[in-house]
Amino acid sequence: MTIYRIWQSPNPTFSARNIEWDEYRSAGWVRADSLDEVFEAGNLGKVHKSPTAKFLRSVSVGDVVSTATDSGSQYWVVAPFGFEPFNP
């Protein structure tokens, strides 16, 4: 299992090319085996809210999901169908 962090903005964008990263804040985290499981957990209320998060809503289009590994961090934007890689 991998720990994924969920980033949310009060004004989410629907494309990885148009994200205003400075508006996003860490909203929570979840342990999962895939991005699809992150999406599912985020919509079933199984996400751990970050202590500094002002809000945490269900995982939706425009949210960002990240993971950190020994080889670096990876980011994805929740797209209308699946996930798009994102480089902040």
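Biologist: Where does glutamate 37 sit?
Modeller: Glutamate 37 belongs to helix α1, residues 35-43. Bear in mind that this is a predicted model.

Biologist: Why is glutamate 37 called partly exposed?
Modeller: Its relative accessibility is 32%. Buried means under 20%, and exposed means over 50%. The value of 32% lies in between, so glutamate 37 counts as partly exposed.

Biologist: What makes the negative surface patch?
Modeller: Asp33, Asp36, Glu37 and Glu40 form it. Asp and Glu count as negative. A patch residue needs over 30% relative accessible area and no salt bridge. Glutamate 37, at 32%, is over that 30% cut-off.

Biologist: How do you know that β4 and β5 pair?
Modeller: Count the bridges. Strand β4, residues 64-69, is joined to β5 by 6 bridges. Pairing takes at least two, so these strands pair. They run antiparallel. Valine 65, for instance, stands opposite tryptophan 76 in β5. A hairpin of 2 residues links β4 to β5.

Biologist: What makes β5 and β6 a pair?
Modeller: The test is again at least two bridges. Here 4 bridges join β5, residues 72-78, to β6, residues 83-86, so they pair. These strands run antiparallel.

Biologist: Which residues in β6 are the bridge partners of valine 77 and valine 78?
Modeller: Valine 77 has glutamate 84 as its partner. Valine 78 has phenylalanine 83.

Biologist: What lies between β5 and β6 in their hairpin?
Modeller: There are 4 residues between the strands. In this hairpin, glycine 82 takes a positive phi near 90 degrees.

Note on methods: Residues are numbered from 1 along each chain as its sequence is written. This is a predicted model: local features need pLDDT of at least 70, side-chain atom pairs count only at pLDDT 80 or more; totals for chains, interfaces and linings use all residues. Side-chain values use heavy atoms; hydrogens and water are left out. Patches are made of residues with over 30% relative accessible area and no salt bridge: like charges are joined within 9 Å, nonpolar side chains (Val, Leu, Ile, Met, Phe, Trp, Tyr) within 5 Å. Accessible areas come from the Shrake-Rupley method with a 1.4 Å probe; for residues, only the protein chains shown count as cover. A salt bridge is a side-chain nitrogen of Lys or Arg within 4 Å of a carboxyl oxygen of Asp or Glu. The place of a charge is taken as NZ of Lys, CZ of Arg, CG of Asp or CD of Glu. Buried means under 20% relative accessible area, exposed over 50%, partly exposed in between (1.4 Å probe, protein chains only).
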